[in-house]
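Good morning, and thank you for joining. Today I shall speak about the pockets and the nonpolar core of one structure.

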Amino acid sequence: MTSGLSPDLLEALAYMLPAYVANGTPVVAVRFFRSLHPLDLGRRAWDGRRLLGDGKTAEGFASGSAMGFLAGTLVLLADPLLYRAWAEPLLLALGALLGDLLGAFIKRRLGLQRGQPAPGLDQLDFLAVGLLLTFLLYGPPSWATSWVLLGLAVITVGLHLLTNAAAHAMRLKERPY
C-alpha cells in the first residue's frame, strides 16, 4: 500500500523538516526559560505599534535555530544526498524563523495583535522564506516543481493547523490556530 504522495513530495517534506522543527520549537522551548527577551526590545515602528511583539524572543529564535539545525543534521546523516551542503538545513531553519518574524512584522503593521489569526500568512510565512533563502543560495532542488511546491504548501497548512490545535490542547498556546 502506498501513501499516495509522490516521491518528490515526500522528498520535499523530508527536506523541509529543519524548517518545521525550527518553527515549532519556540512554542515549547520558551516554557523552560525563566525570563524572555523580546527580539524587538520593546521598540515601536513608524506606526506606533511594536516591531514584532512579545511573542518573538531571543530564546525562541535561538532554540528554534538549534533544534532545526539538529533535525536537519539528523536528516543529512540518514540521507546524505538530500541536501547539497551541510549549511542548507541551517539555512532552512533560519529562513523559517526569519519568515515567522516577517509574518509577525506584517501582522503588527496590519494592527493584528499577538495570537490573532492571519490566514495564509500564519501558516506559510516560514515555509516561503525558508525556501526562498535556500533557493537563492543553492538554487531550487530537483523536486521543486510547481505541483510539488503547491502540495508542500497544502500539507504545511494542514500540519500547522493540526500542530497548533495540539499545542493548544497541551496548554502551550492560548489559541488553537
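Let me begin with a term: a pocket here is an open set of grid points where a 1.4 Å probe fits, with protein on both sides within 12 Å along at least five of seven lines, and its volume is the space filled by probe spheres set on the points. Please keep in mind that the model is predicted.

How much space lies in the largest pocket? The value is about 1,300 Å³. Its lining comprises 44 residues, and those that lie nearest the centre are Val27, Lys56, Asp100, Asn164 and Lys173. Two or more lining residues come from each of helices H2 (17–29), H3 (58–78), H4 (87–109), H5 (121–138) and H6 (146–169). Sorted by class, this lining holds 19 nonpolar, 13 polar and 12 charged residues.

I turn to the second largest pocket, for which the volume is about 150 Å³. Its lining is formed by Arg44, Arg49, Arg50, Gly53, Asp54, Arg108, Leu112, Gln113 and Arg114. Of these, six are charged, two polar and one nonpolar.

Finally, the core. The largest nonpolar core contains 23 residues, and Tyr15, Met16, Tyr83, Leu131, Trp143 and Leu152 have the most contacts inside it. Helix H1 (7–15) gives at least two residues to this core, as does each of H2, H3, H4, H5 and H6.

Which residues does tyrosine 15 touch, leaving aside neighbours within four places in sequence? Tyrosine 15 is in contact with Leu82, Tyr83, Arg84, Glu88, Leu92, Leu131, Thr134, Pro141 and Trp143. Thank you for your attention.

Definitions and conventions. Residues numbered from 1 in each chain as written. Predicted model: local features only at pLDDT ≥ 70, side-chain atom pairs only at ≥ 80, totals over all residues. Heavy atoms only, no water. 1 Å grid on protein atoms, 1.4 Å probe; cavity = no way out; pocket = protein on both sides within 12 Å on 5 of 7 lines; lining within 4 Å. Helix = DSSP H or I, 4+ residues; strand = E, 2+ residues; numbered from the N terminus. Nonpolar A, V, L, I, M, F, W, Y, C, P; charged D, E, K, R; others polar. Core = buried A, V, L, I, M, F, W, Y, C linked by side-chain atoms within 4.5 Å. Buried < 20%, exposed > 50% of the residue type's maximum accessible area, 1.4 Å probe, protein only. Contact = heavy atoms within 4.5 Å.
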